[in-house]
Amino acid sequence: MGVPVRQSMRLGTYLLKQKLAHRDKFPLLVELEPLFACNLACVGCGKIQYPAHILKQRMPVEQAIAAIEEAGAPMVSIAGGEPLIHPEIHVITAELIKRKRFVYLCTNALLMKKKMDKFKPSPYFAWAVHIDGLRERHDQSVYQEGVFVEAVEAVKEAKRRGFRVTTNTTFFNTDTPQTVRDVLDYLNDDLQVDQMMISPAYAYEKAPDQEHFLGVEETRELFRKAFGDGNRKRWRLNHSPLFLDFLEGKVDYQCTAWGIPSYSIFGWQRPCYLMSDGYTKTYKELVETTDWSKYGRGRDPRCANCMAHCGYEPSAVLATMDNLKESLRAFAGR
Ligand code: SF4
Ligand code: SF4
């Protein structure tokens, strides 16, 4: 199962509406971070470094829903921290689904089996399980043994119960085309998840390990080689074809971080969930008071190696919309 037709149609209609309304900045997906606490300590994480009093905070349900309604995005990715630690995460999810938002619940899976009863399969809901590699590589990346096995069991159980299950894999410069192929082959063919997201790691200023992040050329070479031999077409990747072209270096874009904004317990994060140059109370204020021309590769040194989907997937989606041939290619999933 690729992106469900209902979701593609909804996104297409939403984009058309923005165009007809001459709205030039709008969110495609909101990264909702209702807490920063986590039950793991991954090496590249930029969220769990906050002081204890911040890590203790949980976003109230009403606040989360109001933010998503104000922004108007059709898709929401709930991340963190570990969202399943939030005692009302199932309520936030259910309220968003009730409002016909497509929800991805990002999780490291440690609490997934325990909390699964609180969720129901829905065309508006998908788990997004964090799996960075095969057993040894993943457990190393999250600094805890047994997490890979736990995640795999949780994925199987969720699929058995009829949930849509996707995965999210971050690659570092310790990866090779072969390790990329190994994990994506496993997720695609053995575990048979519905779709897979991939991301080159971004060097968060707060991340304790600053050595293992990929540069732009390294990223392009890694994905170009990994995607060869027909893998790119075979894998059920949850990205637009032009974003995959971008990862391979076939096209280049400027960052459009307003397309996948981040809302956390601090507010709307400027300019994206990877960097924090302050916060605003509303999405409207974020869009109107941010000088977007300051951000992106070649504009801000902190963006130099960024090829993250929060900045460049919206650019790829907008380029797709502007081109009939690319729209058809995206619909065909290539
Ligand atoms: S699971 Fe996610 S939030 Fe938790 S430490 Fe790892 S990267 Fe950070
Ligand atoms: S390039 Fe865009 S998405 Fe990446 S860090 Fe800079 S502002 Fe954020």
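Helices (H or I, at least four residues) and strands (E, at least two) are taken as DSSP runs and numbered from the N terminus. The structure is a predicted model, in which local features need pLDDT of at least 70 and side-chain atom pairs count only at pLDDT 80 or more, while totals for chains, interfaces and linings use all residues. Residues are numbered from 1 along each chain as its sequence is written, chains are lettered from A and ligands numbered from 1 in the order in which they are written, and side-chain values use heavy atoms, with hydrogens and water left out.

Two of the secondary-structure elements, β8 (267-272) and α13, each supply at least two residues of the shell around ligand 2. A residue is counted as near a molecule or strand if one of its heavy atoms lies within 4 Å of it. By this criterion, ligand 2 is surrounded by Y202, C255, P271, C272, M275, Y295, G296, C303, C306, C310, G311 and Y312. Helix α13 gives the most to this shell, with three residues. In the classification applied here, Ala, Val, Leu, Ile, Met, Phe, Trp, Tyr, Cys and Pro count as nonpolar, Asp, Glu, Lys and Arg as charged, and the others, Gly among them, as polar. The shell around ligand 2 accordingly comprises ten nonpolar, two polar and no charged residues.

Ligand 2 sits in the largest cavity. A cavity is a set of points, on a 1 Å grid over the protein atoms alone, where a 1.4 Å probe fits but cannot get out. A molecule sits in such a cavity if more than half of its atoms lie within 2 Å of its grid points.

Helix α13 spans residues 309-321, and its 13 residues reach 17 Å from the first C-alpha to the last, close to the 18 Å expected at 1.5 Å a residue. The expected span is 1.5 Å times one less than the number of residues in the helix. The buried positions are H309, C310, G311, Y312, E313, P314, S315, A316, V317 and T320.

Around ligand 1 are found C38, L40, A41, C42, C45, I48, G81, N108 and H130. This shell divides into six nonpolar, three polar and no charged residues.

G81 is placed in the loop between β2 (75-78) and α4 (89-98). P271, which belongs to the shell around ligand 2, is joined to R270 by a cis peptide bond with omega of about 0°. P271 is found in strand β8.

The structure holds 21 aromatic pairs. Rings of Phe, Tyr and Trp (its six-membered ring) pair if their centres lie within 6.5 Å; planes under 30 degrees apart count as stacked, over 60 as edge-to-face and the rest as tilted. The rings of F26 and W258 have centres 5.9 Å apart and planes at 65°, so this pair is edge-to-face. The pair links distant parts of the chain, 232 residues apart: F26 lies in the loop between α1 (5-20) and β1 (29-33), and W258 in the loop between α11 (241-248) and β7 (262-264). F26 is buried, with a relative accessible area of 5%, and W258 is buried at 9%. The rings of F36 and Y50 have centres 4.6 Å apart and planes at 25°, so this pair is stacked. F36 and Y50 are 14 residues apart, in the loop between β1 and α2 (52-55). Both residues are buried, and F36, Y50, F266 and Y279 form one aromatic cluster.

Strand β3 (residues 102-107) contains F102, which is buried with a relative accessible area of 2%.

A positive phi occurs at K100, at about 60°, although K100 is not a glycine. K100 is found in the loop between α4 and β3 and is partly exposed, with a relative accessible area of 47%. Q192, likewise not a glycine, has a positive phi of about 55°. Q192 lies in the loop between α8 (177-190) and β6 (195-200) and counts as partly exposed at 48% relative accessibility.

Notes: Buried means under 20% relative accessible area, exposed over 50%, partly exposed in between (1.4 Å probe, protein chains only). On a 1 Å grid over the protein atoms alone, a cavity is a set of points where a 1.4 Å probe fits but cannot get out, and a pocket is an open set with protein on both sides within 12 Å along at least five of seven lines; lining residues have an atom within 4 Å of a point.
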